[in-house]
Each structure stands twice: as structure tokens, then as C-alpha cells.
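Keep the viewer open and follow along.

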Amino acid sequence: MRKISSIKKNKEKIKKMGLRKIDPDINMSELIENYPEVTEVLMFEYELHCINCVIAGLDTLREGAAVHGIEGEDFNDLIKHLEKIINK
């Protein structure tokens with residue numbers, strides 16, 4: 001029960017702080033439209049050039065990352081990195 005309580009408290013804290021979270025299944029085009037500040041990071045640090053591609057309207061962040069071999073803990077790190085950027 002402590003773990004569930006702790007998770008709820010963290011979610012409430014994040015909500016109060018106004019921290020924005022990135023849905024891993026967000027459409028790539030929507031991601032760039034909502035958070036243009038992550039564009040260069042995705043392109044140059046993660047080599048996700050698909051954000052400039054026609055496929056960006058079809059792929060999610062998770063799918064695009066997987067195509068480029070970014071999965072598991074690497075994908076979680078990417079999400080954390082992007083969330084740090086959008087919450088500056």
C-alpha cells in the first residue's frame with residue numbers, strides 16, 4: 001500500500017508543480033507542434049530525422065524511436081530528456 005500511496009503523492013506533486021509529461025504514444029507531428037523546442041534534440045542527439053518526413057504524421061514517438069533502435073531503458077531516457085527540456 002505504501003508504494004501506491006507514494007505514486008499517488010508523486011502524481012499530485014507533479015500536477016501541482018505543473019510539470020508536463022510526454023505521452024510515449026504521441027504522434028510525431030503532434031509532438032513537434034506542441035513542443036518545438038525538442039526538434040533539434042530529436043534530430044541531432046537521437047538521429048530521429050523522421051520528424052521532417054511524411055511518416056511523422058503517421059508514427060508515434062515510440063514507433064519512430066523503435067525504428068531507430070531506441071527501445072527499453074534508452075527510450076525511457078529519451079522521454080526523460082525531452083520532459084526535462086519542455087519543463088525548463
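What follows walks from the overall picture to one helix, then to the salt bridges and a couple of single residues.

A word on ground rules: this is a predicted model, in which local features need pLDDT of at least 70, side-chain atom pairs count only at pLDDT 80 or more, and totals for chains, interfaces and linings use all residues. Residues are numbered from 1 along each chain as its sequence is written, and side-chain values use heavy atoms, with hydrogens and water left out.

**The whole chain**

The chain has 5 helices and 0 strands, where helices (H or I, at least four residues) and strands (E, at least two) are DSSP runs numbered from the N terminus. Read along the sequence, that gives α-α-α-α-α. Of the 88 residues, 34% count as buried; buried means under 20% relative accessible area, exposed over 50%, and partly exposed in between (1.4 Å probe, protein chains only). Take the contacts (heavy atoms within 4.5 Å) between residues at least 6 apart in sequence: 57% of them join residues at least 24 apart. The accessible surface comes to about 6300 Å², with 53% of that belonging to carbon and sulfur atoms; the areas come from the Shrake-Rupley method with a 1.4 Å probe, and for residues only the protein chains shown count as cover.

Among the elements, α1 has the lowest mean pLDDT (54) and α5 the highest (97).

**Helix α5**

Let's stay with α5, residues 72-86. Its end C-alpha atoms are 22 Å apart, which agrees with the 21 Å that its 15 residues should span at 1.5 Å a residue (the expected span is 1.5 Å times one less than the number of residues). Which residues of α5 are buried? They are Phe75, Leu78, Ile79, Leu82, Glu83, Ile85 and Ile86. These cover an arc of only 155° around the axis, so they sit on the same side of α5; the arc is that of the directions from the helix axis to the C-beta atoms. They pack against α3 (39-45) and α4 (61-67). On the face turned away from this buried side, you'll find the exposed residues Lys80 and Lys84.

**Salt bridges**

The structure holds 2 salt bridges, each being a side-chain nitrogen of Lys or Arg within 4 Å of a carboxyl oxygen of Asp or Glu.

| Pair | N to O distance |
|---|---|
| Glu83 and Lys21 | 3.3 Å |
| Arg62 and Asp25 | 2.9 Å |

Arg62 is partly exposed, with a relative accessible area of 38%, and Asp25 counts as partly exposed at 41%.

Glu47 lies in the loop between α3 and α4. Most residues other than glycine have a negative phi, but Glu47, not a glycine, has a positive phi of about 55°. At 54% relative accessibility, Glu47 counts as exposed.

Glu30 lies in helix α2 and is partly exposed, with a relative accessible area of 40%. Glu30 and Ile51 are 21 residues apart in sequence and 9.9 Å apart in space, C-alpha to C-alpha.

Technical notes:
pLDDT = per-residue confidence, 0-100.
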